[in-house]
Amino acid sequence: MTIETLKKKTIRLDLYLFYIRFFKSRNLATKFISTSRIRLLGQVTQKPHKLVSINDVLTLPINDKVKILKIIDIPNRRGPFLESMLYYEDLTPIEHKEDIGNKKSEMKFVERVGRPTKLERRQTDKLMGRD
């Protein structure tokens, strides 16, 4: 490591997300970064080895929602949940936080083409009274 890297505290993106307890394992964090469109300082990155530092802003797409985090400090280890909350600030807009609480779970129907599954056939038979 160079002296400049030691002065400026940096850490890998996947390791940071693992340390702040967004993911159960570093491997899950790596897969999420590789498959999702995470924004780091407004630029899309799909590289888990990307270095993040203090005051960087992360934008994460999670379950059809967007979570915005500002890095306050770099953790040295994966600690307890309350300790991990000290390392970032949640900048997600308030209206998005309220929507999460007020929104009821809606049933989503899969539009498929083809033969129904065994479970769907059983549900149809039960609905039509054919036992």
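The legends below describe close-up views of a predicted model. Local features are taken where pLDDT is at least 70 and side-chain atom pairs only at pLDDT 80 or more, while totals for chains, interfaces and linings use all residues. Residues are numbered from 1 along each chain as its sequence is written, and side-chain values use heavy atoms, with hydrogens and water left out.

**View 1. The chain as a whole, with six helices and seven strands.** Helices (H or I, at least four residues) and strands (E, at least two) are DSSP runs, numbered from the N terminus, and from that end the elements run α-β-α-α-β-β-β-β-β-α-β-α-α. Of the 131 residues in the chain, 24% are buried, a term that stands for under 20% relative accessible area, with exposed meaning over 50% and partly exposed in between (1.4 Å probe, protein chains only).

**View 2. The largest nonpolar core, with 22 residues.** Such a core is a set of buried Ala, Val, Leu, Ile, Met, Phe, Trp, Tyr and Cys residues joined through side-chain atoms within 4.5 Å, and Tyr 16, Leu 17, Val 52 and Leu 58 have the most contacts inside this one. At least two residues each come from helix H2 (13-19), helix H3 (26-35), strand E2 (38-40), strand E5 (57-62) and strand E6 (65-71), and H2 gives the most, with six residues. Leaving aside neighbours within four places in sequence, Leu 17 is in contact (heavy atoms within 4.5 Å) with Phe 22, Phe 23, Ala 29, Ile 33, Ile 38, Leu 58 and Leu 60.

**View 3. The buried residues of H3, namely Ala 29, Phe 32 and Ile 33.** Seen down the helix axis, these residues fall within an arc of 95 degrees, so they line one face of H3; the arc is that of the directions from the axis to the C-beta atoms. What covers them includes H2, E2, strand E3 (43-45) and E5.

View 4. Rings of Phe, Tyr and Trp (its six-membered ring) pair if their centres lie within 6.5 Å, and planes under 30 degrees apart count as stacked, over 60 as edge-to-face and the rest as tilted. The rings of Phe 22 and Tyr 88 have centres 5.8 Å apart and planes at 75 degrees, so this pair is edge-to-face. The pair links distant parts of the chain, with Phe 22 in the loop between H2 and H3 and Tyr 88 in strand E7 (residues 88-90), 66 residues apart. Phe 23 and Phe 32 form a tilted pair, 5.0 Å centre to centre with 45 degrees between the planes, and both Phe 23 and Phe 32 are buried.
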